[in-house]
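Q: Hi! Could you walk me through this fold, piece by piece?

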Amino acid sequence: MRFVIVGCGRVGAQLANRLSLQGHEVAIIDRDPAAFRRLSPNFRGKKIEGVGFDRDVLIAAGIERADGFASVTNGDNTNVVSARIARQVFRVPKVVTRIYDPRRAEIYRRLGIQTISPTEWGATRIAELLCHPGVTTLLTVGNGEVSVIEVEVNAHLAGHRVNELVIPGEVNVVALVRGGRATLPTLGTVLQMGDTLHLSVLATAMGRLSEMMHLG
């Protein structure tokens with residue numbers, strides 16, 4: 001696959017290195033040529049000096065044939081403008097942008113631009129670590145109303161059945177991992193120590209779930 005990345009900071013460089021290592025065609029854009037020093041010596045993609053929302057620069061990076069585009073500079077405005085051009089002008093199928101201001105994130109989601117908000121994610125994760133230390137969030141949906149979480153079965157949960165954790169409309173058990181093998185448990189599945197549960201849960205039900213599972 002072909003990808004174009006705008007911003008060769010720590011995130012952009014790591015993303016470019018990872019995609020390149022996986023065998024994808026990668027072009028990374030940055031206005032500062034010194035930023036390319038962050039790339040691995042094994043990076044095989046293109047390094048394009050220029051502004052990420054300049055049409056000629058994007059074309060030089062191969063955006064007309066790109067399967068995916070990511071703008072991950074330190075500036076929200078640059079990221080948004082670059083992402084909108086990629087999406088609306090060049091019709092790139094998959095566009096992702098980093099937005100520090102979570103209030104703007106939903107606006108761009110409605111425009112078909114997937115957003116990552118380090119501010120929102122970080123605040124959510126810190127709150128979880130403080131309030132629900134036994135929970136790891138794997139995915140949030142929408143504006144964080146629903147999360148998919150991972151929980152290891154503790155002594156309190158062992159011996160109980162899956163149906164005891166289900167709260168209709170609030171909590172569902174999505175998957176169970178036992179001995180490295182993932183399954184879709186039935187409501188009658190008995191939990192064992194060492195099992196890992198994946199659950200979908202409303203944000204408003206997190207406190208209730210933690211109490212039920214004796215987490216934290």
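**A chat about the fold**

A: Happy to. Let me start with a pair of residues: T97 stands opposite T115 in β6. Two strands count as paired here if DSSP finds at least two bridges between them, and helices (H or I, at least four residues) and strands (E, at least two) are DSSP runs, numbered from the N terminus. This is a predicted model, where local features need pLDDT of at least 70 and side-chain atom pairs count only at pLDDT 80 or more, while totals for chains, interfaces and linings use all residues. Residues are numbered from 1 along each chain as its sequence is written, and side-chain values use heavy atoms, with hydrogens and water left out.

Q: How many bridges join β5 and β6, and in which sense do they pair?
A: Strand β5 (residues 94–98) is parallel to β6, with three bridges between them.

Q: What's the strand order in the sheet with parallel pairing?
A: Reading across this open sheet of six strands, you get β3-β2-β1-β4-β5-β6. The edges are β3 (46–49) and β6 (114–116); each has a single partner strand, so one side of each has no neighbour in the sheet. Neighbouring strands are turned by 15 degrees against each other on average, direction ignored. For angles like these, axes are lines fitted to C-alpha atoms (for helices over the stretch in contact), and angles run from 0 to 180 degrees between N-to-C directions.

Q: Which strands does α1 touch?
A: α1 packs on the sheet against β1, β2, β4 and β5, and its direction makes about 165 degrees with that of β2. Contact here means heavy atoms within 4.5 Å.

Q: And α3, which strands does that one touch?
A: α3 also packs on the sheet, where it touches β1, β4 and β5; the angle between its direction and that of β5 is about 175 degrees.

Q: Is β1 largely enclosed or open?
A: Largely enclosed by the rest of the structure, because four of the five residues of β1 (residues 2–6) are buried. Buried means under 20% relative accessible area, exposed over 50%, and partly exposed in between (1.4 Å probe, protein chains only).

Q: What does β1 pair with?
A: On the β2 side (residues 25–30) the pairing is parallel over five bridges, with A27 as the bridge partner of V4. With β4 (residues 68–71) β1 pairs in the parallel sense over four bridges, and there V4 stands opposite F69.

Q: Which unit do β1, α1 and β2 make?
A: A right-handed β-α-β unit, with α1 covering residues 10–21. Right-handed means that, with the strands pointing away from the viewer, the path from the first strand over the helix to the second runs clockwise.

Q: Which residues touch the most other members of the largest nonpolar core?
A: Of its 21 residues, those are V4, I29, L58, I63, F69, V92 and V95. α3 gives the largest share, four residues. A nonpolar core is a set of buried Ala, Val, Leu, Ile, Met, Phe, Trp, Tyr and Cys residues joined through side-chain atoms within 4.5 Å. There is also a second, separate core of 19 residues, including V135, L157, M206 and M213.

Q: Let's zoom in on A83. Buried or exposed?
A: A83 is buried, at 0% relative accessible area, and it lies in helix α3. Leaving out residues up to four places away in sequence, A83 touches F69, S71, V95, T97 and I113.

Q: Changing topic, what's the order in the antiparallel sheet?
A: This open sheet has five strands in the order β7-β8-β11-β9-β10. β7 (136–141) and β10 (181–183) are its edge strands, each pairing on one side only. The twist averages 20 degrees from one strand to the next.

Q: How many bridges join β8 to β11?
A: Seven, and the two strands run antiparallel. V146 stands opposite L202 in β11.

Q: Where does S147 lie, and what does it contact?
A: S147 lies in β8 (residues 146–152) and counts as buried at 9% relative accessibility. Beyond its neighbours within four places in sequence, S147 is in contact with T137, L139, T140, L199, S200 and V201.

Q: Last one: how many helices and strands does the protein have?
A: Six helices and 11 strands. Of its 216 residues, 41% count as buried.
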